[in-house]
Amino acid sequence: MSLDSYIQFCLDCERKLLAGNSSSSFDNDRLQVWTSTIENAPRSIEAIQTLMDTKEVEMNKVCDVLELRQLDREWSALEWLQRILREAKNEQKGVKI
C-alpha cells in the first residue's frame with residue numbers, strides 16, 4: 001500500500017469513527033479543513049513539524065477568534081498526519097505503535 005493510500009485509509013477510518021460519535025465536536029467545517037490540510041501537507045515528519053511550528057507562531061500573533069480557530073484546526077490536522085506517518089514508518093520496520 002502506498003503512503004498516500006495509507007493516509008487516505010486512516011482518514012476514512014477517522015471520518016467513520018467521528019460520524020458515529022454524536023458527542024464529537026468534529027463538525028463539517030473542521031473536517032473540510034482537516035482534509036484540505038492533509039491533502040496539501042508534505043509527507044515528511046520533519047517538514048510537518050516545521051509547518052506546525054510556523055502555525056504555532058501564527059496562532060500566538062492572531063487576535064481574531066475565527067482565524068485562530070482555523071489555524072488550530074490546521075495544526076491539529078498536521079499533528080494527526082505526523083502521528084500517522086510515524087506509525088507507517090514504524091510498521092515498515094515491523095514495529096507497531
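Q: Start with T35. Buried or exposed?
A: T35 is buried, with 13% relative accessibility. Buried means under 20% relative accessible area, exposed means over 50%, and partly exposed is in between, using a 1.4 Å probe and protein chains only.

Q: What kind of model is this, and what are the ground rules?
A: This is a predicted model, in which local features need pLDDT of at least 70 and side-chain atom pairs count only at pLDDT 80 or more, while totals for chains, interfaces and linings use all residues. Residues are numbered from 1 along each chain as its sequence is written, and side-chain values use heavy atoms, with hydrogens and water left out.

Q: OK, back to T35. Which helix is it in?
A: T35 lies in helix α2, residues 28-40. Helices are DSSP runs of H or I with at least four residues, strands are runs of E with at least two, and both are numbered from the N terminus.

Q: What does the T35 side chain reach?
A: The side chain of T35 reaches the backbone oxygen of L31 at 2.9 Å.

Q: And which residues does T35 touch, not counting those up to four places away in sequence?
A: T35 touches L11 and R15. Contact here means heavy atoms within 4.5 Å.

Q: What else is buried in α2?
A: Besides T35, the buried residues in α2 are V33, W34, T37 and I38.

Q: How far apart are the end C-alpha atoms of α2?
A: The end C-alpha atoms of α2 are 18 Å apart, which agrees with the 18 Å that its 13 residues should span at 1.5 Å a residue. The expected span is 1.5 Å times one less than the number of residues.

Q: Zooming out, how many helices and strands are there?
A: The protein has four helices and zero strands. From the N terminus on, the elements run α-α-α-α.

Q: How much of the protein is buried?
A: Buried residues make up 32% of the 97 residues. Among contacts between residues at least 6 apart in sequence, 68% join residues at least 24 apart.

Q: What about the core, how many residues are in the largest nonpolar one?
A: The largest nonpolar core has 17 residues, and I7, I38, W80 and L81 have the most contacts inside it. Two or more residues come from each of α1 (3-19), α2, α3 and α4 (65-92). The largest share, seven residues, comes from α4. A nonpolar core is a set of buried Ala, Val, Leu, Ile, Met, Phe, Trp, Tyr and Cys residues joined through side-chain atoms within 4.5 Å.

Q: Which residues is W80 in contact with, leaving aside neighbours within four places in sequence?
A: W80 is in contact with I7, C10, L11, E14, W34 and I38.

Q: C10 is a cysteine. How many disulfides does a search of the whole structure find?
A: The search finds zero disulfides, a disulfide being a pair of cysteine sulfur atoms within 2.5 Å. For C10, the nearest cysteine sulfur is that of C13, 6.3 Å away.

Q: Switching to α3. What is K55 in contact with there?
A: K55 lies in helix α3, residues 45-61. Leaving aside neighbours within four places in sequence, K55 is in contact with L71, E74, W75 and L78. K55 counts as buried because its relative accessible area is 16%.

Q: And where is D53?
A: D53 is in helix α3 too, and is partly exposed, with a relative accessible area of 38%. The C-alpha atoms of D53 and W75 are separated by 8.8 Å, with the two residues 22 apart along the chain.

Methods:
A polar contact is a pair of N or O atoms within 3.5 Å; within protein, one must be able to donate a hydrogen and the other to accept it, and residues adjacent in sequence count only if both atoms are side-chain atoms.
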